[in-house]
Amino acid sequence: MMTTATPTVPPAVVRPAKAERNSLDWRGMLDSAVVPVAALALTCIIFSFFVWAVGQNPLEVWSLIYEGAFSNAFSWQNTLQRAAPLILTGLAVALPAQVGLVLIGGEGALVLGALGAAVAAQLTGGAASLVVQTAMLLAGMAIGGGWASISGWLKSARNVNETISSLLLSYIGIALFNHLVEGPLRDPESLNKPSTKPIGDANMIGNIPGMDVHWGLVIGIVVAIAAYIFIRKTTGGFAARVVGGNQRTAQMVGIPVGKWMVTMCALGGSAAGLAGAIEVGAVHGAAHAGVIAGYGNSGILIAFIARQNALAVIPVAVLFGGISAAGGLLQRRLDMPDATVLVLQGIAFVCILALETLNNRKFFSRNAPGQA
């Protein structure tokens, strides 16, 4: 009886394959960084021309932006304070993007999460501060997640464009927030600035020891790391990425596409709602119009520049937190409007969209169209 020997693969053959995979990984990382870096460089050039056109010295403006954002400990703390909600609102866009959805309604989920946190604080007001804080965060996440999941359901069940539905839901959420804060939930003692009843000093989320930055920054970083691990290291994250890559393929292998659309939208909305809850619990102490600060809208830009990567959201959020923090310094030193930094953000958004479009047409690709 003859036996057939099992062929073995020599190590010399295996090693080139591993080297080739490592090379592809590095090439993928470099390709991922090309568009954001190019977009930021183009933004700097266009913004410099804008500053020059309004009669200011671009070098002086950039110097003040750096001074207001990163030059000293005070600047860094101000930057990190603003970056805390931006990390979470960036995730509110990056997470649904894993299943191929573009949600831009983070602002609505954020403000409703803030309102839910304020109500939860009132309902648990007699409990220990840790219980109240936990209830606030959970309420914010639940309401924000539930609100954003509507867009996912509309997309999966009725094929309604998620970008349009999330934008409209954001306007509805803000209108609902204003109605409740200025009406049924208004604190009678809030005269010139309508707000809910204060949550109380004992229930405020404190600062990180030795820093003038609240614990929301740590929460945001932990959530971003957890999101990255979920997306890259779990079967659920893999299923979501398959849905985002090709819905027909996902259906053929038995992945419930609609379920994952709703789930990822809910997770993204939960991140935005958590940001709103932290704003109430760590910054404002109540829900009022000051919560509507545009963090949800900035999160769209942050997610796009981060290429929907949950870990990359963190440094990009810090960068734009610093730019936002520098607005006041530009106003004081050069008498430029505080909204100048919004112009910078707008230019960055246009640049990243334009270069993404070119990239999708293989303009930046190393491979010719049709090649893997």
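Predicted model: local features only at pLDDT ≥ 70, side-chain atom pairs only at ≥ 80, totals over all residues.
Student: Step back to the fold. How many helices and strands does the protein have?

Tutor: Count the elements, then read their order. There are 14 helices and zero strands. Along the sequence the pattern is α-α-α-α-α-α-α-α-α-α-α-α-α-α.

Student: What share of the residues is buried?

Tutor: Of the 372 residues, 44% are buried. The protein exposes about 18,700 Å², and carbon and sulfur atoms supply 64% of that area.

Student: What share of the contacts joins residues at least 24 apart?

Tutor: Start from contacts between residues at least 6 apart in sequence. Of these, 75% join residues at least 24 apart.

Student: Which residues have the most contacts inside the largest nonpolar core?

Tutor: Look for buried nonpolar residues joined through their side chains. The largest such core has 94 residues, and V61, L91, W260, V280 and F320 have the most contacts inside it. Helix α10 (residues 257–284) gives the most to this core, with twelve residues.

Student: Take F320 from that list. What does F320 touch?

Tutor: Set aside residues up to four places away in sequence. F320 then touches L40, L86, L301, I302, I305, Q345 and A348.

Student: Now aromatic pairs. What describes a pair of rings?

Tutor: Two values do: the distance of the centres and the angle of the planes. The structure holds six aromatic pairs. In one of them, F70 and W76, the centres are 5.0 Å apart and the planes stand at 55°, so the pair is tilted. W76 has 37% relative accessibility, so it counts as partly exposed.

Student: What kind of pair do F304 and F349 form?

Tutor: An edge-to-face pair, with 6.0 Å centre to centre and 85° between the planes. The pair links distant parts of the chain, 45 residues apart: F304 is in helix α11 (residues 295–305) and F349 in helix α14 (residues 340–360). F304 is buried at 15% relative accessible area. F349, at 28%, is partly exposed.

Student: Which rings are linked into a cluster?

Tutor: F47, F50 and W62, through ring pairs.

Student: On to charges. How many salt bridges are there in the whole structure?

Tutor: Look for a Lys or Arg side-chain nitrogen within 4 Å of an Asp or Glu carboxyl oxygen. A search finds three. One joins the side chains of R333 and E67, at 3.0 Å from N to O. R333 lies in helix α13 (residues 327–334) and E67 in helix α2 (residues 58–70), so the bridge ties together parts 266 residues apart in sequence. E67 is partly exposed, with a relative accessible area of 29%.

Student: Which residue forms a salt bridge with R307?

Tutor: E356 does, with the closest N and O atoms 2.8 Å apart. R307 is in the loop between α11 and α12 (313–325), and E356 is in helix α14, 49 residues apart. The relative accessible area of R307 is 26%, so R307 is partly exposed. E356 has 13% and is buried.

Student: And which residue meets E162?

Tutor: K155, in a salt bridge of 3.9 Å from N to O. E162 is buried, at 6% relative accessible area.

Student: Last one. Which residues are in contact with S151 beyond its neighbours in sequence?

Tutor: Leave out residues within four places in sequence. S151 is then in contact with L103, E162, S165, S166 and L169. S151 is in helix α5 (residues 129–158). Its relative accessibility is 1%, so S151 counts as buried.

Notes. Residues numbered from 1 in each chain as written. Heavy atoms only, no water. Helix = DSSP H or I, 4+ residues; strand = E, 2+ residues; numbered from the N terminus. Buried < 20%, exposed > 50% of the residue type's maximum accessible area, 1.4 Å probe, protein only. Contact = heavy atoms within 4.5 Å. Phe/Tyr/Trp six-rings, centres within 6.5 Å; stacked < 30°, edge-to-face > 60°. Areas by Shrake-Rupley, 256 points an atom, 1.4 Å probe, with all protein chains shown as cover. Core = buried A, V, L, I, M, F, W, Y, C linked by side-chain atoms within 4.5 Å.
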